Amino acid sequence: MNNENTGIVLNTAQTRNALSSRVSSLALSSITSQTQGLLLRMFSDPYLLEKEEKASLVAQLKECVAKFPEVSELRVLLGMALCVNLDVHPAIEELKESVRLAPNSFIAQLKLGELWMRLRVMEKAEEHTKLAGLLAQNLAQSDLARKQAATIRTMKRDGVERGDYGTPWRSFMRPLRRLWTRRSRTEAALDSV
């Protein structure tokens, strides 16, 4: 009896995965040729897109996401287009939603990690990049995750990280502390003369 229930659960999970991939394929195939052209140009070099083209790409991808809101890959594409269009907060929301919809998606984890890296939020960038590395299914994916992780480590080592800014006093006290240190050194040098 237990084996029968396990078989039913496995068949249900397999059916759900098959249906999910069919919906995903249908959603991706619904992207118009014009949008596909803009996506190709964005992937080759985002600086090639004019302001109007970026806005058009975002609008077209939003339409696709509205038709297929549960397809993680479409949300990744929209998040990337929003990044190129410099719409950071909506990009974060789309990429977070893509990860929520498909937590085992390599590309969703990698792109969310990349966005956090570019925003200098290193702890989150490391977390998502590490997950992407664990989810990698081929050498190309592993290499992408490895290079992104190396960039994050370098940035952390070089101190390029948005930290806890704390209170306004912290930003005021840092220069004041440097000034006091300089005065102390100057006074000590004068006293020794």
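In what order do the elements of the chain run from the N terminus on? I read them off as α-α-α-α-α-α-α-α-α. The model is predicted, and local features need pLDDT of at least 70, side-chain atom pairs count only at pLDDT 80 or more, and totals for chains, interfaces and linings use all residues. Residues are numbered from 1 along each chain as its sequence is written, and side-chain values use heavy atoms, without hydrogens and water.

**Entry: whole chain**

I counted 9 helices and 0 strands; these are DSSP runs, H or I of at least four residues for helices and E of at least two for strands, numbered from the N terminus. I looked up burial next: 30% of the 193 residues are buried, meaning under 20% relative accessible area with a 1.4 Å probe, protein chains only.

I then took the contacts (heavy atoms within 4.5 Å). Among those with a separation of 6 or more, 52% join residues 24 or more positions apart.

**Entry: H3 and H4**

I picked helix H3 (residues 51-67) and helix H4 (residues 72-84), whose axes come within 9 Å and cross at roughly 160 degrees. That makes the two helices roughly antiparallel, a term for angles over 145 degrees. Axes here are lines fitted to C-alpha atoms over the stretch in contact, with angles from 0 to 180 degrees between N-to-C directions.

Which residues meet? I noted several in H3, including Leu57, Leu61 and Val65, which meet a set in H4 that includes Leu74, Leu78 and Ala81. The residues of this contact divide into 11 nonpolar, no polar and 3 charged. Nonpolar covers Ala, Val, Leu, Ile, Met, Phe, Trp, Tyr, Cys and Pro, charged covers Asp, Glu, Lys and Arg, and polar the others, Gly among them.

Key:
Buried < 20%, exposed > 50% of the residue type's maximum accessible area, 1.4 Å probe, protein only. Parallel < 35°, antiparallel > 145°, perpendicular 65-115°, else oblique.
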